[in-house]
Amino acid sequence: MTPQARRDDLIASALDLFGSRAPELVTVDDIVAHAAVSRPLFYRYFSSLRELQVEALRTVTDGLVDGLATLAEGPPKARVRAAVRGLVDVAAHYRAGYVALLRSGSVIATAETDAAIDEVRNRAVTLILESLEIAEPSPLVLLTLRCWTAVVEGTLLSWLQEATVPREQLDGWLVDQLTAMLAATRAHER
């Protein structure tokens, strides 16, 4: 296995374990057992458990950004809905990592992970502006889109932890929320 493949395998093992428990509860011993490698091999690729945790959570945010990287074809509402569906898919795939990344008070939170979250939020706002073909958004439109991204994050956190709403309903409901918020914004800009 190449060094990069081994490193990726250790990250994947950590993310698999995060699927069953919070990142701060996963130990180096858990990761090396899951990856079927030795502790010295682990430390050849990561200087600390903390470094692996940050890299694993960065993988989650990279997945979210990649999920937003391309716009679907079709009308604006369909394009935004496809992007939201992509976010739901990535959040579900990296369930515990996503929860740990966004959960208030996570011991994994760092300036680096906060910057990664901001990158996802900014990409989401940019995507929506592109989808809706808004070249010069007003301050209220920008505020609306930033608030909506908070709604999406909160919804996904609740959904991942409680699973009270069927997955098939999430993207349509969230896009309807955005539509309603933008309608309220338009009413206030007149």
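This is a predicted model: local features need pLDDT of at least 70, side-chain atom pairs count only at pLDDT 80 or more; totals for chains, interfaces and linings use all residues.
Local features need pLDDT of at least 70 and side-chain atom pairs count only at pLDDT 80 or more, while totals for chains, interfaces and linings use all residues. Residues are numbered from 1 along each chain as its sequence is written, and side-chain values use heavy atoms, leaving out hydrogens and water.

**View 1. Crossing of helices α1 and α2.** The axes of α1 (residues 3–18) and α2 (residues 28–35) come within 9 Å and cross at roughly 115 degrees; axes are lines fitted to C-alpha atoms over the stretch in contact, with angles from 0 to 180 degrees between N-to-C directions. Helix α1 is therefore roughly perpendicular to α2 (65 to 115 degrees). Helices are DSSP runs of H or I with at least four residues. On the α1 side, the contact (heavy atoms within 4.5 Å) includes R6, D9 and L10; on the α2 side, D30, I31, H34 and A35.

**View 2. Surroundings of L10.** Not counting residues up to four places away in sequence, L10 touches I31, A35, V37, F42, Y45, F46 and L52.

**View 3. Helix α9.** This helix (residues 167–189) has 23 residues and reaches 34 Å from its first C-alpha to its last, close to the 33 Å expected at 1.5 Å a residue, the expected span being 1.5 Å times one less than the number of residues. Its buried residues (under 20% relative accessible area, 1.4 Å probe, protein chains only) include L170, L174, L178 and T185.

**View 4. L143 in helix α8.** L143 lies in α8 (residues 139–162). Its C-alpha is 9.3 Å from that of T185, 42 residues away in sequence.

Key. Helices (H or I, at least four residues) and strands (E, at least two) are DSSP runs, numbered from the N terminus. Buried means under 20% relative accessible area, exposed over 50%, partly exposed in between (1.4 Å probe, protein chains only). Angles under 35 degrees count as roughly parallel, over 145 as roughly antiparallel, 65 to 115 as roughly perpendicular and the rest as oblique.
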